[in-house]
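These are my notes from going through one model, entry by entry. I set down what I looked up and what I found.

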Amino acid sequence: MDYGIKGRTAIVCAASQGLGKGCALALAREGVDLVINARTADALEATAEEIRRATGVSVRAVAADITSHEGRAVVLAACPDPDILVNNAGGPPIGDFRDWDENAWQSAVNANMITPIMLIRAVVDGMIARRFGRIVNITSRSVKAPLAHLGLSNGARAGLTGFVAGLSRQVAKHNVAINNLLPGPFLTERQIDGLRKLAAKAGQTYEDFLAARVAENPAGRFGTPEEFGKACAFLCSADAGFIIGQNLVIDGGSVNATM
Ligand SMILES: NC(=O)c1ccc[n+]([C@@H]2O[C@H](COP(=O)([O-])OP(=O)(O)OC[C@H]3O[C@@H](n4cnc5c(N)ncnc54)[C@H](OP(=O)(O)O)[C@@H]3O)[C@@H](O)[C@H]2O)c1
């Protein structure tokens with residue numbers, strides 16, 4: 001299937017590993033030239049080189065903290081007029097709501113709500129003028145089915161979701177499609193780190209805790225960044241312009257809901 005985006009340009013934030021990398025690779029396989037971002041320069045450049053070798057597209061690596069004003073400015077300077085924007089950043093820490101003071105909330109809201117909104121604000125008028133734009137925000141299944149230990153994520157990402165619900169309908173007539181991808185469990189560094197902490201709290205080994213989580217997922221497994229990336233590439237395809245303001249849960253069926 002030809003996604004019709006060969007030669008387009010994309011910014012993929014927080015993409016040296018995990019879900020962001022999965023999205024970057026899938027877009028590159030469709031012939032999209034990339035600017036990828038993460039904070040750690042060496043790891044980011046290694047990923048950029050891996051994607052160049054695998055796909056032959058142009059990949060520029062911009063090491064910066066995307067949650068800072070300065071970091072976003074550097075990324076946008078490298079690609080001021082992207083056709084595609086994939087918003088992503090590190091997730092907030094797990095814990096109990098009593099752990100999170102005002103600073104913790106400011107930080108979570110900045111990373112998981114204000115940062116993607118500022119990036120959308122910077123690129124959406126150019127997309128409107130060029131009559132093509134695809135924006136995918138990586139959020140979390142916690143938006144749809146709150147996870148008690150991820151209260152910062154439940155709250156901050158819900159704010160982004162509400163904003164996107166409104167904006168996506170304002171810009172759809174210009175062939176600019178904004179949607180959210182809601183990952184469930186994917187076995188990335190972040191997931192492994194969280195599982196280790198939860199296993200320790202439950203007095204279990206990481207291996208036993210992981211096996212129980214895998215067994216309770218309807219798909220009987222965790223997801224892979226590669227399959228997550230393919231869903232992202234589809235939402236960025238030329239024919240996805242009628243998919244507007246949606247929240248696609250990719251979780252193996254773990255959110256137990258009819259709709
Ligand atoms: N994995 C899951 O199962 C799952 C489920 C639900 C939601 N999510 C959410 O999906 C997002 C991605 O998760 P993941 O599992 O792919 O994480 P991951 O494997 O830990 O990868 C995180 C990536 O983001 C980069 N990054 C982190 N903070 C950044 C910042 N401030 N500026 C720029 N880059 C930054 C990291 O590189 P540097 O550290 O070098 O910056 C890395 O490339 C997170 O928000 C997470 O909460 C994940």
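Which residues touch the most other members of the largest nonpolar core? I found that this core has 35 residues, and that Val-12, Leu-27, Leu-34, Ile-36 and Ile-84 touch the most other members. I take a nonpolar core as a set of buried Ala, Val, Leu, Ile, Met, Phe, Trp, Tyr and Cys residues joined through side-chain atoms within 4.5 Å, where buried means under 20% relative accessible area, exposed over 50% and partly exposed in between, with a 1.4 Å probe and protein chains only.

Before going on, I note that this is a predicted model, in which local features need pLDDT of at least 70 and side-chain atom pairs count only at pLDDT 80 or more, while totals for chains, interfaces and linings use all residues. Residues are numbered from 1 along each chain as its sequence is written, and side-chain values use heavy atoms, with hydrogens and water left out.

**Entry: the cores**

I looked up where the members of the 35-residue core come from, and found that β1, α1 (18-29), β2 (33-38), α2 (41-55), β4 (84-87), β5 (133-138) and α8 each supply at least two of its residues. Helix α1 gives the largest share, 7 residues. Helices here are DSSP runs of H or I with at least four residues and strands are runs of E with at least two, numbered from the N terminus.

For Val-12 I listed the contacts (heavy atoms within 4.5 Å), leaving out residues up to four places away in sequence, and the list holds Gly-20, Cys-23, Ala-24, Leu-27, Leu-34, Val-35, Ile-36, Asn-37 and Val-86. I also noted a second, separate core of 25 residues, with Ile-11, Val-62, Ala-89 and Ile-117 among them.

**Entry: Ile-5**

Ile-5 is in the segment before β1 and, at 0% relative accessibility, counts as buried. Beyond its neighbours within four places in sequence, Ile-5 is in contact with residues including Leu-27, Val-32, Ile-84, Phe-132, Ala-233 and Cys-236. I also looked up Asp-239, which is 234 residues from Ile-5 along the chain, and the C-alpha atoms of the two are separated by 9.6 Å.

**Entry: aromatic rings**

I counted rings of Phe, Tyr and Trp (its six-membered ring) as a pair if their centres lie within 6.5 Å, calling planes under 30 degrees apart stacked, over 60 edge-to-face and the rest tilted. By this rule there are 3 aromatic pairs. One of them joins Tyr-3 and Phe-234 edge-to-face, at 6.0 Å centre to centre with 70° between the planes. Tyr-3 lies in the segment before β1 (9-12) and Phe-234 in helix α8 (residues 225-235), so that pair links parts of the chain 231 residues apart. Tyr-3 is buried at 16% relative accessible area, whereas Phe-234 is partly exposed at 32%.

Trp-100 and Trp-105 also form an edge-to-face pair, because their ring centres are 6.4 Å apart and their planes stand at 90°. Trp-100 is buried, with a relative accessible area of 10%, and Trp-105 is partly exposed, with 32%.

I then checked for charges over rings, which requires NZ of Lys or CZ of Arg within 6 Å of the ring centre and within 35 degrees of the ring normal. The charged end of Arg-8 sits over the ring of Phe-132, 3.8 Å from its centre, and Arg-213 lies over the face of Phe-209, at 4.3 Å from the ring centre.

**Entry: helix α6**

Where do the buried residues of α6 lie, seen down its axis? Gly-194, Leu-195 and Ala-199 are buried in this helix, and the buried residues fall within an arc of 135° (taken from the directions from the helix axis to the C-beta atoms), so they line one face of the helix. The face turned away from that buried side carries the exposed residues Glu-189, Ala-200 and Lys-201. What covers the buried residues of α6 includes α7 (206-216). Just after α6, Gly-203 takes a positive phi of about 70°.

**Entry: loops**

Ala-14, in the loop between β1 and α1, has a phi near 50°, a positive value in a residue other than glycine. Asn-175 has a positive phi of about 60° although it is not a glycine; Asn-175 is found in the loop between α5 (151-171) and β6 (176-183) and is partly exposed at 24% relative accessibility.
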